[in-house]
Amino acid sequence: MSDHPEKALAIDKNGLSKSDQNGDVCGDAEAEFPYHWLALDVERDGFWGKVDHASRRVAEWFNPILVKEARQSLKSRQFIITFFLLLIASCFWTVFGVIVNAPNVYYVPTGDAMIYGYYFVLAIPLIGMVPLAAQRSLAAEIDEQTFEMLVITKLSSMRIVMGKLNSAMLQMLIYFAAIVPCLAFTYLLRGIDLLTITTLIVVIFFTALVVTAAALMMATLTEKRAGQTLALLATIFVVFIAEIWCAAFCLDAILRRGVDSEELVLTGLFVIVGLSCVALFVKVAASRIAPVTENRSTGLRYLMFLQQLIWAGSIGLIFLFLDGDEDLVSIGNLVIGTYWLLMGTFMLAESPELSPRVQRGLPSTFAGRAILTWFNPGPGTGFVYAVATGTAGITVMALLGMTAGGRSSSGQSLLFAMVMVGYLTGYLGIVRLLMIPLSRRLGRAFTLPVSILASVLLLSLLLPSVISVATTGSTGGSYAAIDTFNWAWTISEAMDRRFSPNLAVLILLVGGVIALLNLAFLFREFDYRRIAVPQRVLDDSAGE
Amino acid sequence: MIPESPALSWDGPVIELQNLCRNFGETRAVDHVSFTVPRGSVFGYIGPNGAGKTTSMRILATLGLPTSGEALVEGLSAINDPERVRSRLGFMPDSFGTYADTNCAEYLDFFARAQGLIGRERTRRLRWVMDFTGLRGLANKPIRGLSKGMRQRLCLGRALVHDPAVLILDEPAAGLDPRARIDLRRIIRSLAAENKTILISSHILTELSEMCDRVGIIEQGKLLATGTFEEIRGTLKQNREIVIRVAGETDDAMRSLQSFEDVEVLSSEGHKIHFTIHGGDQRQMDLLRSLIGAGIELLEYSSRDDSLEDVFLQITEGRVQ
Ligand SMILES: Nc1ncnc2c1ncn2[C@@H]1O[C@H](COP(=O)(O)OP(=O)(O)OP(=O)(O)O)[C@@H](O)[C@H]1O
Ligand SMILES: [Mg+2]
């Protein structure tokens with residue numbers, strides 16, 4: 001902070017002379033200047049007055065951040081450049097496409113050829129630019145200290161994140177609006193129907209939404225510069241994957257093969273699963289920026305539960321009505337197992353000390369305590385929650401695979417489920433056991449359990465080969481019992497429907513033993529009791 | 001004004017720190033600090049660089065967590081009920097960022113919206129803030145183009161926009177020109193007159209002397225003294241510098257001065273004698289009485305006791321290592 005009065009004086013003098021037409025900034029001669037329009041009530045009468053009134057009233061409903069970012073970003077260079085590039089690209093493609101198809105445009109339907117170009121014109125800014133801009137916008141707030149002023153307002157952390165997401169959606173809408181004429185043009189050229197165009201837009205839009213929500217979450221993961229850079233790289237990677245996925249789905253499934261009921265069901269499921277991901281990412285981002293004393297975990301756990309239901313439901317639906325292949329169930333279970341391993345690892349970073357504020361909100365009845373304790377924050381409850389919910393989900397899916405695939409069921413989906421449950425409990429249990437001593441020394445950043453998990457997974461990939469080289473002098477050629485440590489190999493073996501039931505049971509047993517070891521460290525988090533809300537807070541709520 | 005909220009019925013201390021501690025590794029940034037500020041008064045928080053002012057103010061403003069202890073605003077915990085505290089608090093940090101592509105009016109409008117103000121209520125608050133902080137003529141200026149002093153005003157305006165009952169101002173006068181400082185003083189006093197409770201920090205004691213009802217002096221995380229300026233000065237055993245001018249020769253005066261143990265003559269020139277005494281106001285009065293009692297013809301008797309800087313230096317110097 002500069003403490004040079006002379007310098008400050010000089011700057012101020014400068015400022016004063018610049019605003020001379022505004023007169024004295026110190027407030028005596030104010031009456032001469034009109035107030036800024038934002039500080040004025042609408043006073044116009046008649047039709048336009050009413051319109052003014054109405055539009056202001058509508059704007060009150062919008063998230064303040066959306067209002068601010070709309071004002072800001074419409075002036076920002078990044079937006080203007082992207083917008084005009086998009087316009088130019090779409091015009092270029094229109095002209096180019098028409099010239100290339102020159103004589104045919106008049107007689108043959110060419111809309112289906114034209115839309116490929118428009119797909120890229122829309123998908124690249126929507127999936128590529130908007131998420132990165134959103135992440136930068138949130139990260140910049142945190143980096144440039146504007147964020148703290150924001151969090152101490154009445155805006156909840158959820159509204160802050162939603163405001164950012166809404167602004168991103170507004171940008172998407174504007175880009176989309178720019179390309180609507182082109183889409184109308186392709187429709188007029190025939191060769192493509194409205195349903196296809198709509199499905200295409202829905203898929204692009206939801207992909208962009210999921211990636212944007214993920215990008216916002218990435219922005220909140222760390223405040224450090226280096227971390228932010230890593231997070232940005234991670235998002236760029238996600239964007240890349242999403243572009244490829246979206247292009248594959250849109251160009252191959254929707255455009256090449258045409259929209260039929262299968263594509264529609266897949267699109268619908270994608271929208272639902274995508275929305276649940278958006279909800280989760282947004283909630284994570286909001287929790288990251290919420291006050292530390294707040295309960296930042298229970299809401300997320302409910303969401304994860306919901307997400308598992310949606311995932312299992314989607315896979316179940318596809319399995320029952322589209323594609324009765326048992327592999328599908330196993331892939332669904334692989335996702336569930338990985339999901340809970342990861343989520344459980346994140347939950348291990350939670351602190352076992354509950355703030356008084358969290359303790360106020362704990363369930364108070366016996367039944368509530370019995371059922372809802374696992375939703376309370378804390379690494380122990382998180383471990384049990386992840387293992388229990390994951391196991392339940394995997395089991396239900398496996399049973400589904402067994403019964404529905406009755407005609408040809410090989411029982412492999414059950415073996416695969418045993419492997420997944422064993423790995424989930426085993427690996428999560430090991431991370432937790434390592435986390436207990438390590439967190440005492442290294443703190444509870446979420447990067448700690450994640451790095452422990454990564455190292456454990458890596459080690460167990462190498463371990464079997466190391467052991468067999470040490471004992472037999474060569475890496476064993478075919479899959480043996482020792483290779484159960486090698487999760488990658490095991491999973492691919494189990495997928496190939498030639499897995500030995502004995503080994504599956506072994507994996508399940510080892511996982512179970514590790515889980516039991518973990519339970520020994522649990523009793524403490526069982527014991528949390530609800531505490532009374534302070535009288536002063538009750539009085540204050542009564543006064544509101 | 002916003003209609004009086006029921007919160008105003010709270011009649012305990014509006015700001016209260018209870019044994020607040022905050023460690024950064026080995027550093028004890030705040031070390032068992034406790035004080036209270038009653039409604040409508042201005043509390044000056046004074047300390048050298050790194051004393052822990054910002055750290056404790058940020059905890060009070062719900063932006064940091066203490067290692068132990070409690071920070072209360074109107075009886076509500078800044079740690080466990082940050083939302084409730086935030087709604088009655090205006091915080092002006094010592095450094096803050098601003099948005100690109102935004103002008104002053106948009107900036108204030110945004111925070112007014114963020115504070116949940118709508119419709120006429122908001123426009124009225126915006127007009128009030130712009131008039132009160134003298135930002136009216138700057139409404140269309142982009143924030144990036146503002147001078148330091150103007151940014152300070154804008155930041156103060158932002159802190160005031162929702163008419164909070166409590167203001168926490170971290171070095172609001174830093175970088176202001178003399179005239180803006182006087183403005184600031186006027187603003188602070190008129191806010192206090194409206195029954196706002198204000199916590200204001202500074203390195204410079206004189207800066208606060210005219211706007212604060214009470215001050216607390218902090219160094220190395222420890223609160224060394226609290227009270228009014230007079231109380232703090234009065235409790236000090238200090239060496240006070242005194243200059244006297246006598247009518248005739250200085251010999252008599254020198255003689256009677258040297259009869260006091262605690263007097264140390266620094267210089268004597270012409271009719272003036274410059275010396276120090278050891279003690280506070282009481283000692284100074286006693287000395288005057290005895291000099292006059294001894295028949296010395298005094299023309300002038302002045303002390304440099306209004307040097308707040310000295311008070312500050314004495315309190316903070318070497319008291320804590
Ligand atoms: N985030 C932090 N990490 C580590 N140490 C910190 C952090 N913030 C403050 N400190 C330390 O805490 C002590 C108090 O700092 P603080 O900013 O509260 O002082 P201050 O009284 O506001 O000083 P100044 O007058 O310079 O603004 C300092 O020793 C500082 O180094
Ligand atoms: Mg400071």
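**Exercises on the contact between chain B and chain A**

In this predicted model, the count between chain B and chain A is 6 salt bridges.

**Exercise 1.** State which side chains form a salt bridge between Arg84(B) and chain A, and give the distance.

*Solution.* Start from Arg84(B), whose side chain meets that of Asp540(A). The N to O distance is 3.0 Å. Since a salt bridge requires the nitrogen to lie within 4 Å of the carboxyl oxygen, the pair qualifies.

**Exercise 2.** Determine which helices of chain B supply at least two residues each to the side that touches chain A, and which gives the largest share.

*Solution.* The helices are H2 (82-87), H3 (104-114), H4 (119-133), H5 (148-160) and H6 (178-193) of chain B. The largest share, 8 residues, comes from H4(B).

**Exercise 3.** Describe the extent of the interface between chain B and chain A.

*Solution.* First, take the residues: 72 of chain B are in contact with 65 of chain A. Next, take the area: about 6100 Å² is buried between the two chains, and carbon and sulfur atoms give 53% of this. Finally, 15 residue pairs are in polar contact, both residues being at pLDDT 80 or more.

**Exercise 4.** Characterise chain B as a whole.

*Solution.* Chain B contains 11 helices and 14 strands. Its C-alpha trace spans about 75 × 45 × 35 Å along the principal axes. Of its 321 residues, 57% count as buried. The accessible surface of chain B comes to about 13000 Å², with 48% belonging to carbon and sulfur atoms.

Terms used. Residues numbered from 1 in each chain as written. Chains lettered and ligands numbered in written order. Predicted model: local features only at pLDDT ≥ 70, side-chain atom pairs only at ≥ 80, totals over all residues. Heavy atoms only, no water. Contact = heavy atoms within 4.5 Å. Buried area = accessible area lost by both parts, 1.4 Å probe. Polar contact = N/O pair within 3.5 Å; in protein donor to acceptor, adjacent residues only side chain to side chain. Helix = DSSP H or I, 4+ residues; strand = E, 2+ residues; numbered from the N terminus. Buried < 20%, exposed > 50% of the residue type's maximum accessible area, 1.4 Å probe, protein only. Areas by Shrake-Rupley, 256 points an atom, 1.4 Å probe, with all protein chains shown as cover.
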